[in-house]
Amino acid sequence: MNNGKFALVVPNNRLLRPDFCSSYYANFTKFHKDILDVKLFVVDDYSHFVRENLKALESSGIPFEYWTVSSQVGFFKENFGNDWKKYWSIIPHRTDASRSFGYLVAALWGADVIITVDDDNYAIGDPSSVDYDYLGAHDIVNSETEVTEVSSTSNWFNTISMLQTEPERELYARGYPYSRRFGELRYSTRKRKLVMNVGLWIGDPDVDSITILNEGSLDGLPKSKTVNFRSQLKRLVLAKDTFAPLNTANTAYSRKLLPIIYDTFQGTQLDWLKLDRFGDIWCNLFVKKIIDQTGEGVAVGIPLVRHRKEPRNTFDDFEKEFLGLLVSEKLIQCLEQIQLDSGGYANLYQELVEGLRENSKKLGQIPSLARYFDRLFTCMQGWLDAVEKLGLP
């Protein structure tokens, strides 16, 4: 293995299924990984099933830390003293973006690679294919290797295009801007130092509600399924200035990215519309922008996991996504115009926050949106401060 210690960070506000935990243990053992090199960090987000979840974790065989809300508060009191409320407020609550807290404790544990997964992503224990070697595939992080690099004339790459679907159809990943859906792809081979690896999924593809409604599905579940890779090309690296909708399900970060992997929250309201469902996409837009400046790389492809999405009302998701679709288009344009000149991840994040503030009027003049972005940029700055105060990279 290239790396020594791997952390798996999982946000949770519901009952953890025992087969979720056991799927990762089975994968690690089938691919002959040392279980002591791994720790699972579960960030409780006001779940009503703490006792049941602890029982499931204790029987899983994986070393773990379960951070209840009260233990998280205790962490901030212990590490930030009288300022604890200020730093506690930076961590998003009642949202999957609460996983940001897990990044902090994972780094303090000494993880070389911080992997974030959702509790509906299941490791696949098929030892016949490295496509499913969970830690082995994410171990590409922190290594320099010859890779196939992809660039796009639209500056965007669709990750689902790497996967075969049943029935066969063109699907775009959630967060892919509608304005960039036509671009010519170009491939080249070069050596890159990789600091982030985004694994993909079979089963339920991560698509937006418009796509699901277009299939006539009202239970939030896409009728089209992803079943495997479309070709022998199972890992691509995104070229500089080529973005992709990168989520936080099955995504691995180098420890040194900690200053920039704050999982952005959503939540502002505009009449009946609520800004939601784009927090992870925006977070990784910022991350990719900064990584490009350093010359290091982001890979997409293996390992595959199985995504088993829970049913929900598709129209509810549409209400949560509609405002985000509009704002995302403006945010992408704004981000492309920001020039970064600093060195080092923390300095680049600071420069990005300042650039976003300076260009915030381009994101919309609606008072509720202006207040939201002001708070978001303040929290992004606070994240940098928290990482520094904890003595982390």
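Is W383 buried or exposed, and what is its relative accessible area? W383 is buried, with a relative accessible area of 1%, where buried stands for under 20% relative accessible area, exposed for over 50% and partly exposed for what lies in between, computed with a 1.4 Å probe on protein chains only. The model is a predicted one, in which local features need pLDDT of at least 70 and side-chain atom pairs count only at pLDDT 80 or more, while totals for chains, interfaces and linings use all residues. Residues are numbered from 1 along each chain as its sequence is written, and side-chain values use heavy atoms, with hydrogens and water left out.

The aromatic residues come next. A pair of aromatic rings is described by the distance of the centres and the angle of the planes. Rings of Phe, Tyr and Trp (its six-membered ring) pair if their centres lie within 6.5 Å, and planes under 30 degrees apart count as stacked, over 60 as edge-to-face and the rest as tilted. The structure holds 23 such aromatic pairs. In one of them, the rings of Y103 and Y253 have centres 6.0 Å apart and planes at 70°, so the pair is edge-to-face. Because Y103 lies in helix α5 (residues 99–109) and Y253 in strand β11 (residues 251–254), this pair ties together parts that are 150 residues apart in sequence; helices (H or I, at least four residues) and strands (E, at least two) are DSSP runs, numbered from the N terminus. Y103 is buried, and so is Y253.

W383 itself forms an aromatic pair with Y262, and this pair is tilted, with 5.4 Å centre to centre and 40° between the planes. It links distant parts of the chain, since Y262 is in the loop between β11 and β12 (269–270) and W383 is in helix α11 (residues 367–389), 121 residues apart. Y262 is buried, with a relative accessible area of 1%. Elsewhere, ring pairs link W67, F75, F76, F80, Y87, W88 and F101 into a cluster.

Rings also take part in contacts with charges, where a charge sits over a ring if NZ of Lys or CZ of Arg is within 6 Å of the ring centre and within 35 degrees of the ring normal. The charged end of K5 sits over the ring of W109, 4.2 Å from its centre, and that of R94 sits over the ring of Y46, 3.9 Å from its centre.

Helix α8 (residues 279–294) has 16 residues and reaches 23 Å from its first C-alpha to its last, close to the 22 Å expected at 1.5 Å a residue, the expected span being 1.5 Å times one less than the number of residues. Of the 16 residues of α8, 14 are buried, and the helix is mostly covered. Just after α8, G295 takes a positive phi of about 85°.

Most residues other than glycine have a negative phi, and most peptide bonds are trans. A cis peptide bond joins E166 and P167, with omega about -5°, and P167 is found in the loop between β7 (163–166) and β8 (185–203). Another cis peptide bond joins I302 and P303, with omega about 5°, and P303 has its place in strand β14 (residues 297–307). H32, a residue other than glycine, has a positive phi near 60°; H32 is in the loop between α1 (18–30) and β2 (38–44) and counts as exposed at 71% relative accessibility.
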